[in-house]
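Work through the exercises below with the sequence and the 3D structure at hand. Each task is followed by a solution in steps.

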Amino acid sequence: TTARLKWLCTLMECTGLRSAELLAATRGDIETTRAGALLHVLGKGKKHREVPLPTPALDATKTYFAARGMDFDTAVPETPLLAALEEPTRPISYASLYETFTRFVRRALAASALDEAAKRQAKKASLHWLRHTHATRFAERGGDLDVLQANLGHADPRTAAVYFRAQIERRQKQAEKAFG
């Protein structure tokens with residue numbers, strides 16, 4: 001459904017979750033604090049972390065729950081964040097998630113005005129690309145490296161630093177273009 005895809009894209013862009021983290025997430029994993037909402041995640045290497053859940057992601061989650069005929073605030077803690085279309089309380093598999101996202105990308109590309117070369121590249125899109133989108137936009141918007149590292153669950157800061165280096169290179173090229 002449209003609500004599910006909108007939620008999926010919003011949540012993934014706002015949080016940078018891995019697919020496995022998304023598939024395991026439940027209503028009970030979301031905690032509201034004075035500063036906002038957090039999503040408790042069991043990440044790579046069985047490491048627990050808290051991922052900030054920005055307002056657009058929380059609002060989209062509530063809207064998606066409503067589209068499933070459920071009240072977010074009263075849903076049982078075991079309710080999966082991402083559910084099967086036909087059963088709003090049953091989680092989906094990685095294969096179903098992959099198929100859902102791939103179908104969405106292909107439909108979007110069919111309706112897009114992109115040239116053929118760009119469409120061929122975009123057909124390779126995966127849900128993991130939204131993790132990279134999250135990290136890139138976080139860096140572009142002035143987020144701190146240590147925060148991005150913690151949000152993504154990277155053990156080594158050099159892994160997250162790639163997104164900041166990409167921004168520096170982009171800035172250098174633009175400065176050279178403007179003044180070189």
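C9 has a relative accessible area of 21% and is thus partly exposed, a class that lies between buried (under 20%) and exposed (over 50%), with a 1.4 Å probe and protein chains only. The model is a predicted one, in which local features need pLDDT of at least 70 and side-chain atom pairs count only at pLDDT 80 or more, while totals for chains, interfaces and linings use all residues. Residues are numbered from 1 along each chain as its sequence is written, and side-chain values use heavy atoms, with hydrogens and water left out.

**Exercise 1.** Determine how many disulfides the model has.

Step 1. A disulfide is taken as a pair of cysteine sulfur atoms within 2.5 Å.
Step 2. By this rule the count is 0 disulfides. C9 is in none, and the nearest cysteine sulfur, that of C14, is 11 Å away.
Step 3. Seen from C14, the closest cysteine sulfur is in C9 at 11 Å, so the two are too far apart for a bond.
Step 4. C14 is buried, at a relative accessible area of 19%.

**Exercise 2.** Describe the protein chain as a whole.

Step 1. The chain has 8 helices and 3 strands, in the order α-α-β-β-β-α-α-α-α-α-α from the N terminus.
Step 2. Of its 180 residues, 39% are buried.

Technical notes
Helix = DSSP H or I, 4+ residues; strand = E, 2+ residues; numbered from the N terminus.
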